[in-house]
Amino acid sequence: MICLKTREEIELIRESCLLVSKTLARVARIIQPGITTSELDKEAEAFIKNNGGYPAFLNYRGFPNTLCISVNDTVVHGIPSNYKIKDGDLVSVDCGVEKNGFFGDSCFTFLVGDVSNEKTELSKITFNALQAGIELAIEGNFIGAIGNAVHSYVEKRGYSVVRELAGHGIGRKLHEEPDVPNFGKQYRGNKMVAGMVLAIEPMINAGTRRIYQLNDGWTIKTFDRRPSAHFEHTIAVGFERAEILSTFDFIIEEVQKNKFLWQNRLQ
Ligand code: MG
Ligand code: MG
């Protein structure tokens, strides 16, 4: 069942999303070659807890950490570890927060130092694909319109869409109905109405769309070991346009100040 949200509930989800965005901005401030993914995770966990929230991924179905940190050929669900980030890495950082009984979810892909053109292009394409999907999250369209916009944008440019994983409804739970696939036909799925809150999250590969899972039960990687990028916003479906409840503004502000992130140009 799809659970529609009241204005008050949407504002509470926005508050959780704001904490997610500010947490990702903390990551943007300290990410650099030599820092381990688990150091980034610890910073995020402390920041969330100090701001009245709880990390939504921590212990979710046994996930051991606060952030999913997915480097280069890792698509999603990378587990923080003692891996030291290297110059040239593409690092997607996914974060969820519960606050006041409501969830927020967002992901940003960072380009650290001297990254390849392939990674820069992939990151831009994924960012733009997210925007293309969000533009269609309006009352009267079908859920399928979002995925149709994402895959049309991406495949036209020679990149591929991961199909096994999808966006989702969000609210009192991290994952609610409906699924929001990043591919498919325009008229598929439920008709959208204002008050639906969705996490839209294209996962885009530079090469093949094929993926596999490591036997840690989480980490998803590209089959051909080429890079994958991931951006995510939590949005509320609107009458004329979607309301974006998470924001990249704080992140981009920190990106601009971090000399190791000079290649992060999204438009
Ligand atoms: Mg997420
Ligand atoms: Mg999500």
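The buried residues of helix H2 pack against helix H1 (7-30), strand E1 (54-55), strand E2 (67-71) and strand E4; here contact means heavy atoms within 4.5 Å, and buried means under 20% relative accessible area, with exposed over 50% and partly exposed in between (1.4 Å probe, protein chains only). Helices (H or I, at least four residues) and strands (E, at least two) are DSSP runs, numbered from the N terminus. The model is predicted: local features need pLDDT of at least 70, side-chain atom pairs count only at pLDDT 80 or more, and totals for chains, interfaces and linings use all residues. Residues are numbered from 1 along each chain as its sequence is written, chains are lettered from A and ligands numbered from 1 in the order in which they are written, and side-chain values use heavy atoms, leaving out hydrogens and water.

In H2, the buried residues are Thr37, Ser38, Leu40, Asp41, Ala44, Phe47 and Ile48. Just after H2, Gly52 has a positive phi of about 80°.

Donors are N, O and S atoms within 2.8 Å of the metal (3.2 Å for Na, K and Ca); water is not among the atoms, so sites may look incomplete. Asp94 lies in strand E4 (residues 90-99) and Glu232 in the loop between strand E13 (228-230) and strand E14 (233-236), 138 residues apart. Asp94 is buried at 8% relative accessible area, and Glu232 is buried at 0%. Asp105 bridges the magnesium ion (ligand 1) and the magnesium ion (ligand 2), which lie 3.2 Å apart.
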